[in-house]
Amino acid sequence: MNVQSHLFVLGYLPAVLVLWRLSRRWLGGTAARLVLLAAGTVFCGWASPAALLVLAAEGAVSFLLGRRIARDPAKGRPLLWAASGLLLAVLAFFKYIGFALSLTPLEGLFAPPDWLAPLGLSFVTFQQIFWLRDCYDGEAGADVSPLDYACCLTFFATATCGPITRVGELAPQLREPEPFSWDSLAAGLYCFALGLTKKVLIAASFANGADFGFGKAGALSPTDSALTILCYTLQIYFDFSGYCDMASGMARMMGIRLPVNFNSPYQALSVRDFWGRWHITLSRFFRQCVYIPLGGNRRGAAATCRNIMIVFL
């Protein structure tokens, strides 16, 4: 289900917001989370219900292994590596095996079935690895239930393009969201509308220019080439910025605050500053789950450069 479609904006989102608030008020927090899980299941399985089987299997395994790691972190390191490797193997199977085979004589021999790939597989994979890492570090939260975990993995506001949330941060808010207020609803609606405008009006307009230029790449003048590059640059900027605003707005209307994921990256004064502003939660994931475990910058300049290269690879 496309978050900028009429069905989502005029049907799905209002229905979920009303059911979320009413069920919480009249039936309690557990009922509200069941409503949220049902809504997330519909959203994630809209294009391909069969993909929910992969997501459910992944989620069950990662939750149980995370709890096992949390009970005995001293012996949980091999399990952490094995579970993370399993999740990455699923991601690689659906996302990259076709590309890898295209570089060999086996191109076209095999292609993963698209109808089995869960929606937002990259983001949900990183979210689960973050969960495993937090369990190992003792930061996951002992009160996270299977229902909490399932709601986090299928939360419609973050399922498509993030932000990459930590279960220990999101689950408590799903259990105890901020009380309803007209100010929060207005703020969320404003943020959602702003993001929708960025995606539908601005990003789509620049996309037309980029598509036209790339379609005639061999016949463009230098000026037209520069304009094509600029159009594409602004297209991806406003598309991702718009989605981040929409996700924050949807969550805010539900009484949930998502981590900031986009902070005017084109105002950055250095490459390092840029990556600290663009997809902030992805940078946080790689820093805490890859860069720091590799040693970070604690082992000299050569090791630091190696770790940075591994992260960006």
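This is a predicted model: local features need pLDDT of at least 70, side-chain atom pairs count only at pLDDT 80 or more; totals for chains, interfaces and linings use all residues.

Tutor: Residues are numbered from 1 along each chain as its sequence is written, and side-chain values use heavy atoms, with hydrogens and water left out.

Student: How far apart are the end C-alpha atoms of α1?

Tutor: Helices are DSSP runs (H or I, at least four residues), numbered from the N terminus. The expected span is 1.5 Å times one less than the number of residues. α1 has 21 residues, so it should span 30 Å; the model agrees, with its end C-alpha atoms at 29 Å.

Student: At which residue does α1 bend by about 30°?

Tutor: The bend at a residue is the angle between axes fitted to the seven residues ending there and the seven starting there. Proline 14 follows the bend within four residues. The bend is at tyrosine 12.

Student: Which elements do the buried residues of α1 pack against?

Tutor: Buried means under 20% relative accessible area, exposed over 50%, and partly exposed in between (1.4 Å probe, protein chains only). The buried residues of α1 include Phe8, Tyr12, Leu17 and Trp20. Contact means heavy atoms within 4.5 Å. The partners are α2, α8, α9, α10 and α11.

Student: Is tryptophan 26 buried or exposed?

Tutor: Tryptophan 26 is in helix α1, which covers residues 6-26. Its relative accessibility is 63%, so tryptophan 26 counts as exposed.

Student: What is the phi of glycine 28?

Tutor: Glycine 28 follows α1. Its phi is positive, near 105°.

Student: Which peptide bond is cis, with omega near 5°?

Tutor: Look in the loop between α8 (156-159) and α9 (167-175), where proline 163 lies. The cis bond runs from glycine 162 to proline 163.

Student: Is serine 264 buried, exposed or partly exposed?

Tutor: Serine 264 sits in the loop between α11 (222-253) and α12 (271-275). Its phi is positive, near 45°, though the residue is not glycine. Its relative accessible area is 24%, so serine 264 is partly exposed.

Student: What is the relative accessible area of histidine 279?

Tutor: Histidine 279 lies in the loop between α12 and α13 (280-291). Histidine 279 is not a glycine, yet its phi is positive, about 50°. Histidine 279 is buried, with a relative accessible area of 9%.

Technical notes: Helices (H or I, at least four residues) and strands (E, at least two) are DSSP runs, numbered from the N terminus.
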